[in-house]
Amino acid sequence: MDRIFEAAYAAWAAGAARRTRRRRYKRFTYGDQWCDMVEGADGHLVREDRFIYQSGKRPMTNNLIRQLVKNIVGRYRTRCADAKVYSARDIAKEARRNCLAELDSRMLEEFLISGCAVQRVWRGERFGTDGTWVDNVDPESFFVNDFRDPRGWDINLVGMLHDMSLPEMLNCFGGGDPVREAELTRVFDSCSHALPLFGGESSFGFSGKIGHCRIAEVWTLDSHRSADDSPKLVFCWHCRWYAADGSLLGEYDSPYGHGAHPFAVKFYPLTDGEVHSFVEDVVDQQKAINRLMVQIDHIMATSAKGVLLFPVDQKPTDVSWKDICERWALPDGIIPITGQGTQMPHQVVTKTTITTALISCCSCR
């Protein structure tokens, strides 16, 4: 198998933990906040919401994370509008063509959730128009070598996965050659119905869309001798396109003026190469708030609320218990008593710290 293809898969597999964390933070952001697995009473792992139900309580959610993310994105939109960022003369045309205001806002939202912001900036034809195009790249489809420079200057392999239909595949790599198109059709039929190329969490070689073939776009920083046959090495970015079975579909040197790959990459904070997002910092607080709400709900559901303790020796013989209940419910009701008992009737209301707890919840906003 092609060593570049193997290196690309190795980079993809190395990002499995980062993708797993991102999925968790995304679930928390959009309201699925009881998704963590915990040990149940029988020793088996169950979702936390299922465990709460088994404990006789109701899982409740007060989603503060989503509101925080929306506030930050909204503030970003306002600042950009005030500064007229996307209407500047030098980028206005490209901004309108790519809907950059919306695209960047969604990219910021992704960055807050996962700590990863990746855009693919390329030049070519799309929808019959030639120009510069910007696409947000889903971190689920992105892979890169282990790098630690916040500027990305130590990146030497980077790429993403595409799910292409047969017409898209023929248009990109067929070149109008019937023989080549027949070969691509064979590759497509083989890969679009195949099982995942590699096992485990990764679906590197398996398309998530029915009737599509997974294609890997891989950029590597290659070296070769200079044209004048001097011993000096020349470095250049080279792109290769692979089908899911490792077949090389096409390759070329970087066609861009900057001579590099088309990806703009920002991982945060990249301390020792680690990625930690904004949402990660508030997940534990969110879980504490949700658990407090469950506790408050359980206390309110099981506490005595307005229970009347009525000593039997205080009940007159000509008054029924039903009459006492009805009179007790009236705001101006009168309940006769014998006055012979040592203890008077009184109402029981459980004293709880619900008000204090609710105040604590609100202070976390």
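A pocket here is an open set of grid points where a 1.4 Å probe fits, with protein on both sides within 12 Å along at least five of seven lines. The model shown is predicted.

**View 1. The second largest pocket.** Its volume is about 220 Å³. The lining counts 14 residues, and A14, G15, R18, D146 and G273 are the closest to the pocket centre. Two elements, α1 (3-14) and α2 (16-29), each give two or more residues to this lining. Helix α2 provides the largest share, 3 residues. By class, the lining of the second largest pocket holds 8 nonpolar, 3 polar and 3 charged residues.

**View 2. The largest pocket.** This pocket has a volume of about 1,000 Å³. It is lined by 30 residues; closest to the centre are R120, R126, H162, M164 and W241. Strands β3 (116-126), β4 (129-136), β6 (157-164) and β9 (248-253) each supply at least two lining residues, as does helix α7 (166-173). The lining of the largest pocket divides into 12 nonpolar, 7 polar and 11 charged residues.

**View 3. Packing of helices α4 and α9.** Two packed helices are described by the angle between their axes and the distance between the axes. For α4 (residues 64-83) and α9 (residues 278-302), the angle is about 145° and the axes lie 9 Å apart. Helix α4 brings L64, I65, L68, V69 and I72 to the contact. Helix α9 answers with F278, V279, V282, V283, Q286 and I289. By class, this contact has 10 nonpolar residues, 1 polar residue and no charged ones.

Notes:
Residues numbered from 1 in each chain as written. Predicted model: local features only at pLDDT ≥ 70, side-chain atom pairs only at ≥ 80, totals over all residues. Heavy atoms only, no water. Axes fitted to C-alpha atoms, helices over the stretch in contact; angles between N-to-C directions. Helix = DSSP H or I, 4+ residues; strand = E, 2+ residues; numbered from the N terminus. Contact = heavy atoms within 4.5 Å. Nonpolar A, V, L, I, M, F, W, Y, C, P; charged D, E, K, R; others polar. 1 Å grid on protein atoms, 1.4 Å probe; cavity = no way out; pocket = protein on both sides within 12 Å on 5 of 7 lines; lining within 4 Å. Points joined across faces, edges and corners; volume = space filled by probe spheres on them.
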